[in-house]
Protein chains: 2
Amino acid sequence: MVIEKVNYEQRLRRLNKIIVNFENFKSENILIFKDENIYYLTGFYGKNSGSSLLITNRRGYLFVNFIYYEEAKNSVCNQNIEIILLDNDKNEEIIDMLNQKAIKDILIEASSISCSNFLKLRVLLEKEKIKFGFIDYPLSELRIVKDEYELKIIRDCCRITEKSFKDILKYNYKEITSKSELELAHELEGYLIKNDAYGKSFDFIIANNENSSKPHYCASNTKIRNGVLLMDFGAYYKNYCSDITRTIFIGDILEHINFKKVFEIYEIVKEAQFLAESQCRPGMISSELDNAARSFIAKNGYGESFGHSLGHGVGLEVHEPPFINSKSNFVLREGMVITLEPGIYIEGLGGVRIEDMVEITKDGHKNFYNLKKEKIFIVN
Amino acid sequence: MVIEKVNYEQRLRRLNKIIVNFENFKSENILIFKDENIYYLTGFYGKNSGSSLLITNRRGYLFVNFIYYEEAKNSVCNQNIEIILLDNDKNEEIIDMLNQKAIKDILIEASSISCSNFLKLRVLLEKEKIKFGFIDYPLSELRIVKDEYELKIIRDCCRITEKSFKDILKYNYKEITSKSELELAHELEGYLIKNDAYGKSFDFIIANNENSSKPHYCASNTKIRNGVLLMDFGAYYKNYCSDITRTIFIGDILEHINFKKVFEIYEIVKEAQFLAESQCRPGMISSELDNAARSFIAKNGYGESFGHSLGHGVGLEVHEPPFINSKSNFVLREGMVITLEPGIYIEGLGGVRIEDMVEITKDGHKNFYNLKKEKIFIVN
């Protein structure tokens, strides 16, 4: 059953349950600053808008400035959320509202307010004798399991992503080597838009040969040459993100300085990714999942060359909980959406990364992509 | 005289001067988290990399994780900056280094660390009896005046921006109305890349008719129709940003619901922008500059419809100090780069904004763009 409308009331109830049971500081009141959390709870999404949401006993007060006021009025449809146009210092207006509602204790979303903003707010809170506590990770629980409405959007977003990757694969050798990394990145985004995305979910990593050994390299204006081409990209669709990485091969492979090694790495990464995917199911611990890929890569002698985490959650943010790394202890649950993206990087030679997105299902998992992982060549 | 190389030593000396004279807490030691400040001082730019830079008596320790390590090694050329690969908790590694260097007092760049990260760091600092203070606005002084090397890049970046805008203006009526806002935004970025930019400096605002009354609207997949087309965009070039807005007119203007009003607004905004620009000179106070445009708009009856600030500094960030608004008190100085962007927005009808970037010179100012501000029409 696909729920077509977002149930904001239910989300506010779930938030309330989290905060009244939060072990460090129980309160029915919370100040939220993260744009994605505000969107999740109200329907208003002002990226980097500096908006704040006060929730008190399941009623919300959304503080926005002039620039976002019309947008907020258009997008908030829950009558329990009141929109307040800021025309003064934001912290002071928040404190005024706390006083008006006789609020004497409040949780602060500490991961999404800067230290300097917090210091200013603290002065006012202390002056008014309002007790405060901090909430951080527990609030990520709010969005960690996706509902059917969200899963449908994410599926569509991944479908767009896969289609656009296939559009790029239609390029012949001459076409692809006539482009710079930057131009290819831009054309890839063009395909995403053509295929109904709103744009890209992050700055793409389009990395040719030695550039590909830097896991978060972006794209430069150098022309694509024979060798390795790592493409890490994603779509942005109805405010949700996708993420995918494929590493393909361009031109006469014998021209490459050490192609045997790159192929060896490719197969190890592919197998590591497969091993991790096959472990995806409810109840699995994130660090154990990470280890499924990491131990295989280490056993093959490349442990030092896989220096990042195995994956992360994807949703309204392209990187969000659960984080899948060697130290994290998230327990996988039905409805979580994560990436699996092992990689091996050799400085001066290049890197290989293969990344899929999977949904944790009742019995196991489902890959959002329908793409094979055999090596792909675009040859002359 | 154009300095072709960055003098990192000089920048570190300037930083040192700021922090040892900082009134709230004097120290020779500082922890910096903002990626742009780290780049400015070291040459390493890891956007959202979570890197930290410890400066102690003009020597630097750059903490980066695996993902950015190769990039950091390649980009830091100052021998006084040591690169440290993180393989443990970042805060703990920073504290270890502070202990190793027997540092007992430190400034923290409070605007660029989250409250929750600061809370973790504070526990460790207090445990080691290391005194700490906060620095925020004074550090923005570091980059507020651009040197000749930076100005040259910004000029090139604006030249690319202007050229790309002219490329868009070559579209005829049929071409432009066959595109959605999103497609036009994407093509505009394509021109920037063709003209040597590395990409865009922010998500473009391409807003047609009623969409243009939301100052920070993005772009949607609706086709461009007759009426107002507001385009706020910018290039990203050699790590520097540009910013520009033009509002143009598409098709038969008589079709528009209330075109006389839009034209009236256009002329008021144009004059307000001119009035502000003519006040740009060293010694001018930012709030007075803002008032030059704002009072004119108010006098013409649209004071309530210009709800954002007049402008902002541009450099490594597209929005950075000095901020030009009714409350700020920056004093303009030679070498500052600011935008001037008054606007009037009427809900349901549309908005007009005209934005230039100017450099404050010894005697006055210089506009980075060579574009007229008369109304531009793309008609059938």
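In what order do four strands of chain A form an open sheet? The order is E8-E9-E12-E20, and the pairing is mixed. Keep in mind that this is a predicted model: local features need pLDDT of at least 70, side-chain atom pairs count only at pLDDT 80 or more, and totals for chains, interfaces and linings use all residues. Residues are numbered from 1 along each chain as its sequence is written, while chains are lettered from A and ligands numbered from 1 in the order in which they are written.

**The sheet in chain A**

- Helices (H or I, at least four residues) and strands (E, at least two) are DSSP runs, numbered from the N terminus.
- Strand E8 (205-208) and strand E20 (377-378) of chain A are the edge strands, so each pairs on one side only (pairing takes at least two DSSP bridges between two strands).
- Strands of a sheet pair through backbone hydrogen bonds, either parallel or antiparallel.
- E9 (residues 227-233) and E12 (residues 244-250) of chain A run antiparallel, with seven bridges joining them.
- One of the pairs here is A:Leu230 with its bridge partner A:Thr247 in E12(A).
- Helix H9 (residues 181-194) of chain A packs on the sheet and touches E8 and E9 of chain A (contact means C-beta atoms, placed from the backbone, within 7 Å).
- The direction of H9 makes about 145 degrees with that of E8(A) (axes are lines fitted to C-alpha atoms, for helices over the stretch in contact, and angles run from 0 to 180 degrees between N-to-C directions).

**Two helices side by side**

- The axes of helix H10 (residues 259-278) and helix H11 (residues 286-299) of chain A come within 8 Å and cross at roughly 155 degrees.
- H10(A) and H11(A) are therefore roughly antiparallel to each other (angles over 145 degrees count as that).
- Among the residues that meet are A:Ile268 and A:Leu275 in H10(A), and A:Leu289 and A:Phe296 in H11(A).
- Sorted by class, the residues of this contact are nine nonpolar, one polar and one charged (Ala, Val, Leu, Ile, Met, Phe, Trp, Tyr, Cys and Pro count as nonpolar, Asp, Glu, Lys and Arg as charged, and the others, Gly among them, as polar).

**How chains A and B meet**

- The contact takes 31 residues from chain A and 31 residues from chain B.
- H9(A) gives the largest share of chain A's side, six residues.
- The copies meet through the same surface, because 100% of the interface residues of chain A are also interface residues in chain B.

Notes:
Contact = placed C-beta atoms within 7 Å. Parallel < 35°, antiparallel > 145°, perpendicular 65-115°, else oblique.
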